[in-house]
Amino acid sequence: MLKSVVRAVGTAVRISSATASTARALPLSCPTLCSPTSATSRPFTRSLWMLNSSNGASSGYRSKLFSSRVLQPSVSCGCGGLHTEGDKAFGDFLTDEIKEEVKIQKNKSLPKMSGGWELEMNGTEAKLKKSVSGEKISVTFNINNSIPPNFEEEAEQGQQKSGEEEPEIVSTPNFVIEVTKQAAKHSLVFDCHFPEDEMSHGEGEDESDIFAIREVSFQPEGDTEWKETSYTLNTDSLDWALYDHLMDFLADRGIDNTFADELMELSTSIEHQEYIKFLEELQGFVKCK
């Protein structure tokens with residue numbers, strides 16, 4: 001009886017050892033999964049254990065990894081919107097950004113235009129108006145997309161400027177001038193812009209014009225849309241003498257380089273104010289305020 005028990009125990013030990021040996025040998029028989037050269041074999045770039053924010057207990061790790069609660073957004077207010085750690089970091093960044101923009105803001109109020117111009121605002125669109133000897137003159141511009149890019153030259157040079165050497169941001173919007181006479185059926189309309197390089201149509205040593213006329217046309221008075229059915233004079237191939245007379249026509253009505261300088265200053269101030277307002281609204285949207 002004792003020998004039978006010993007034989008039974010020995011048999012059980014051999015079976016257990018064989019099973020363990022087989023289990024240990026299994027990975028060696030799977031070259032597809034375990035070979036370093038296999039296309040399906042790759043090391044983990046992040047250990048699953050590192051996903052556990054607890055003290056490393058396997059039970060805590062498993063409950064957090066497979067819990068359905070990690071898929072649910074964390075709502076911290078009654079708006080019912082999604083609030084994440086990224087939103088919090090975004091909101092904190094916007095807070096700092098707004099403080100910096102307010103700090104560098106030059107004009108808390110919009111600068112005044114000389115020459116008797118009155119300013120009307122409609123969102124991002126500004127209109128300057130005045131009357132001269134029975135003529136009504138208006139200048140309309142929009143500050144959207146009015147900041148020219150300044151990174152191309154730096155990219156070509158392969159250099160980065162320090163904070164003190166950063167170029168000043170200036171808004172140079174396109175603008176439309178409308179001149180209306182009492183007896184005229186239509187308004188004379190000029191489509192103007194600030195060229196990247198200063199333009200001069202004369203051969204003398206006079207000061208270059210900092211703005212240029214792109215197109216001229218007669219349009220119905222007060223019409224907000226440029227009618228393509230009206231003849232439009234493009235100045236690209238225009239005789240310089242005619243172009244100079246058109247520029248003199250505007251200068252006689254107070255639209256010259258001084259006006260253009262003041263318009264850029266006004267537009268830059270409006271654009272900066274609108275940018276700060278946008279950041280504040282974006283912050284409120286992210287933080288759900």
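Reader: Is Asp236 buried or exposed?

Author: Asp236 is exposed, because its relative accessible area is 72%. Buried means under 20% relative accessible area, exposed means over 50%, and partly exposed lies in between, with a 1.4 Å probe and protein chains only. This is a predicted model, where local features need pLDDT of at least 70 and side-chain atom pairs count only at pLDDT 80 or more, while totals for chains, interfaces and linings use all residues. Residues are numbered from 1 along each chain as its sequence is written, and side-chain values use heavy atoms, with hydrogens and water left out.

Reader: Where is Asp236 found?

Author: Asp236 is in the loop between strand S7 (232-234) and helix H6 (240-251). Helices (H or I, at least four residues) and strands (E, at least two) are DSSP runs, numbered from the N terminus. The C-alpha atoms of Asp236 and Arg214 are separated by 7.3 Å, and the two are 22 residues apart along the chain.

Reader: OK, zooming out. How many helices and strands does the protein chain have?

Author: Seven helices and seven strands. Along the sequence the pattern reads α-α-α-α-β-β-β-α-β-β-β-β-α-α. The chain has 289 residues, and 26% of them count as buried.

Reader: Which way do S1 and S2 run?

Author: S1 and strand S2 (residues 125-132) run antiparallel, joined by five bridges. Two strands pair if DSSP finds at least two bridges between them. Leu119 stands opposite Leu128 in S2. The hairpin of S1 and S2 has two residues between the strands, and Gly123 there takes a positive phi near 70 degrees.

Reader: And how many bridges do S2 and S3 pair over?

Author: Eight, with S2 and strand S3 (residues 135-142) paired in the antiparallel sense. Glu125 stands opposite Asn142 in S3. That hairpin also has two residues between its strands.

Reader: What's the phi of Ser133?

Author: Near 50 degrees, a positive value in a residue other than glycine. Ser133 lies in the loop between S2 and S3. Ser133 counts as exposed because its relative accessibility is 79%. Asn145 has a positive phi too, about 55 degrees, although it is not a glycine. You'll find Asn145 in the loop between S3 and helix H5 (152-157), and it is exposed, with a relative accessible area of 83%.

Reader: Switching to aromatics. How many aromatic pairs are there?

Author: Four. Among them is the pair of Trp117 and Phe259, which is tilted, at 5.1 Å centre to centre and 45 degrees between the planes. Rings of Phe, Tyr and Trp (its six-membered ring) pair if their centres lie within 6.5 Å; planes under 30 degrees apart count as stacked, over 60 as edge-to-face and the rest as tilted.

Reader: What about Phe175 and Phe194?

Author: Phe175 and Phe194 form a tilted pair as well, with 5.5 Å centre to centre and 50 degrees between the planes. Phe175 is in strand S4 (residues 175-180) and Phe194 in the loop between strand S5 (186-193) and strand S6 (212-220), 19 residues apart. Phe175 is buried at 1% relative accessible area, and Phe194 is buried at 11%. Ring pairs link Phe175, Phe194 and Phe211 into a cluster.

Reader: Last topic: what's the volume of the second largest pocket?

Author: About 600 Å³. A pocket, on a 1 Å grid over the protein atoms alone, is an open set of points where a 1.4 Å probe fits, with protein on both sides within 12 Å along at least five of seven lines; lining residues have an atom within 4 Å of a point. Grid points are joined across faces, edges and corners, and the volume is the space filled by probe spheres set on the points.

Reader: Which residues lie nearest its centre?

Author: Of the 20 lining residues, those are Glu168, Ile169, Val170, Thr268 and His272. H4 and H7 are the elements that give two or more residues to this lining, and H7 gives the most, with eight.
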